[in-house]
2 protein chains.
Amino acid sequence: MQKIVLIFLMKTLSLFQIKDGANKGFCDTIEPGDIMINYPLKRPPQKTTSSSVANRGMDLEEAINQTNDHYVANDIAYIYKKPIPIQVVKVDYERRSAARISEAYYKIPSTTDYNGLYKGKYIDFEAKETQNKTSFPLKNIHEHQVLHLDHIAKHGGIGFIIVAFTKLGKVFLLDSQYVKAFYDRAVEGRKSIELSEFEALGHLIPEGYVKRLDYLKIVDTVYFQK
Amino acid sequence: MQKIVLIFLMKTLSLFQIKDGANKGFCDTIEPGDIMINYPLKRPPQKTTSSSVANRGMDLEEAINQTNDHYVANDIAYIYKKPIPIQVVKVDYERRSAARISEAYYKIPSTTDYNGLYKGKYIDFEAKETQNKTSFPLKNIHEHQVLHLDHIAKHGGIGFIIVAFTKLGKVFLLDSQYVKAFYDRAVEGRKSIELSEFEALGHLIPEGYVKRLDYLKIVDTVYFQK
């Protein structure tokens, strides 16, 4: 009898595990900086062994978000990161006061990560990190994002990408016209943008303390002094 | 013995129910148009008993999204709805190919629902429905959204709200300066914007078939013919 009870209990438990994915081995808690499997735009794993000044504080997204907060707080610009698009499938109501999403999936973003307003101009950009020391692989950017930035430029907006070479401690701004040109080149040629091309056509963004990545200073130089 | 087994089973099951919120009664599937409890910006429940022409096809969000798709497809404007911000707590990896979010919560959006680019101008707005026939209650808009729209206007962008009176079949565009003024009035006075005030200061957006809610036609009149 006890054996039957045990089997029944195990079956009952495993039913719940399959249904809810609550099996310990298949379930992890996501912390800031962790990798989400199959989320297409999430940055690659960062080694924590290095501790040089160049690499320290090189979380690009965090640096941009902090800088944007500074811009908003000082009434300089209103640029925000768009939320990650998520398809919600199931919501539980454990308490009336808090809906708990219990099943959802990541979706591919339809545009770029950041957009907003600066000096009367529409600003739109995508931010990417690479651990590569010599070039930025174009597979890190979706085609529809390249096309989106191209449309933005053609309609009087300002579009660019910000690329951080984390191993080199260098962050570049590259205008959308070059992104488009390099993306077109990749059809039959090189599938990446060379570091030397960033140095020749892009603009180095210096890192700071209060404004961690003051990219609008570069935007001023590139787009507002014509 | 059987009674003990039964009690043990029930306890085991209820443990899982509490832990995973998998109790049938507490768990629902969300379909498009369903209400999410406690999601602060979701529209109120819509009665399906009415079937007048005015009410038919009055899903404001869907009408705006379809119109935006039309604008993008015809290279007219690049305006998108921002994804709903969600705080992800747990992700399961049932298969390597698909990450399944198993615990997440809705967050309050930091800005407005829609923004983008039209004729070189930054466009930013919030869209709301009301079933009220005589006024639009201001509790439907967050204070930080009103302030955001005010900042946008001051920095050379175009900011407004779109409000649909679903029972009347009327949709209005109201410039951010009036939204701010009515919000300020609410501190000591009326907590809503009257229908007559929309009629006097706002602009009726006609509904169509191809462009379901051609609000850029109104934007042309209000912001580009000065």
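## Helix pair in chain B

In chain B, α3(B) and α4(B) run oblique to each other; angles under 35 degrees count as roughly parallel, over 145 as roughly antiparallel, 65 to 115 as roughly perpendicular and the rest as oblique. This is a predicted model, where local features need pLDDT of at least 70 and side-chain atom pairs count only at pLDDT 80 or more, while totals for chains, interfaces and linings use all residues. Residues are numbered from 1 along each chain as its sequence is written, and chains are lettered from A and ligands numbered from 1 in the order in which they are written.

The two helices, α3 (residues 143-154) and α4 (residues 176-185) of chain B, pack at an angle of about 140° with their axes 9 Å apart. Axes here are lines fitted to C-alpha atoms, for helices over the stretch in contact, with angles from 0 to 180 degrees between N-to-C directions. Helices (H or I, at least four residues) and strands (E, at least two) are DSSP runs, numbered from the N terminus. The α3(B)/α4(B) crossing is left-handed, that is, the near helix is turned anticlockwise from the far one by less than a right angle (clockwise would be right-handed).

Who touches whom? On the α3(B) side you'll find B:Val146, B:Leu149, B:Asp150, B:Ile152 and B:Ala153, and they meet B:Ser176, B:Gln177, B:Val179, B:Lys180 and B:Tyr183 of α4(B). Contact means C-beta atoms, placed from the backbone, within 7 Å. Sorted by class, this contact of α3(B) with α4(B) has 6 nonpolar, 2 polar and 2 charged residues; Ala, Val, Leu, Ile, Met, Phe, Trp, Tyr, Cys and Pro count as nonpolar, Asp, Glu, Lys and Arg as charged, and the others, Gly among them, as polar.

## The pair in chain A

Over in chain A, α3(A) packs on helix α4 (residues 176-185) at about 140°, with 9 Å between the axes. That angle makes α3(A) oblique to α4(A), and their crossing is left-handed. The class tally for α3(A) with α4(A) comes to 6 nonpolar, 2 polar and 2 charged residues.

## Chain A in outline, and the cores

Chain A has 6 helices and 11 strands. Of its 226 residues, 34% count as buried (20 or more other C-beta atoms within 10 Å of the residue's own; 12 or fewer is exposed, in between is partly exposed, and C-beta atoms are placed from the backbone). Among chain A contacts with a separation of 6 or more, 63% join residues 24 or more positions apart.

A nonpolar core is a set of buried Ala, Val, Leu, Ile, Met, Phe, Trp, Tyr and Cys residues joined through C-beta atoms within 7 Å. The largest one has 84 residues, and the members touching the most others are A:Ile162, A:Val163, B:Ile162 and B:Val163. Apart from it sits another core of 10 residues, including A:Val91, A:Ala99, A:Tyr106 and B:Tyr106.

## Around A:Val163 and A:Phe136

Leaving out residues up to four places away in sequence, A:Val163 touches A:Lys128, A:Thr130, A:Phe136, A:Phe172, A:Leu174 and A:Phe198. A:Phe136 belongs to strand β7 of chain A and is buried, because 25 C-beta neighbours fall inside 10 Å. Beyond four places in sequence, A:Phe136 is in contact with A:Thr130, A:Val163, A:Ser192 and A:Ile193. A:Lys191 is 55 residues away from A:Phe136 in sequence, with 8.7 Å between their C-alpha atoms.

## Loops with a positive phi

Most residues other than glycine have a negative phi. A:Asp75 has a positive phi of about 55° without being a glycine. A:Asp75 is in the loop between α2 (60-73) and β2 (77-81) of chain A, and it counts as exposed with 10 C-beta neighbours inside 10 Å.

A:Lys119, also not a glycine, has a positive phi of about 50°. This lysine, A:Lys119, lies in the loop between β5 (114-118) and β6 (121-130) of chain A and is partly exposed, given 15 other C-beta atoms within 10 Å.

## A few other spots in chain A

A:Lys139 lies in the loop linking β7 (135-137) and α3 (143-154) of chain A; with 9 C-beta neighbours inside 10 Å, A:Lys139 is exposed. In helix α5 (residues 195-201) there's A:Ser196, exposed with 10 other C-beta atoms within 10 Å.

Finally, helix α6 (residues 215-223) of chain A holds A:Lys217, which is partly exposed with 15 other C-beta atoms within 10 Å. A:Lys217 and A:Pro206 are 11 residues apart in sequence, and their C-alpha atoms are 9.5 Å apart.

Conventions. Contact = placed C-beta atoms within 7 Å.
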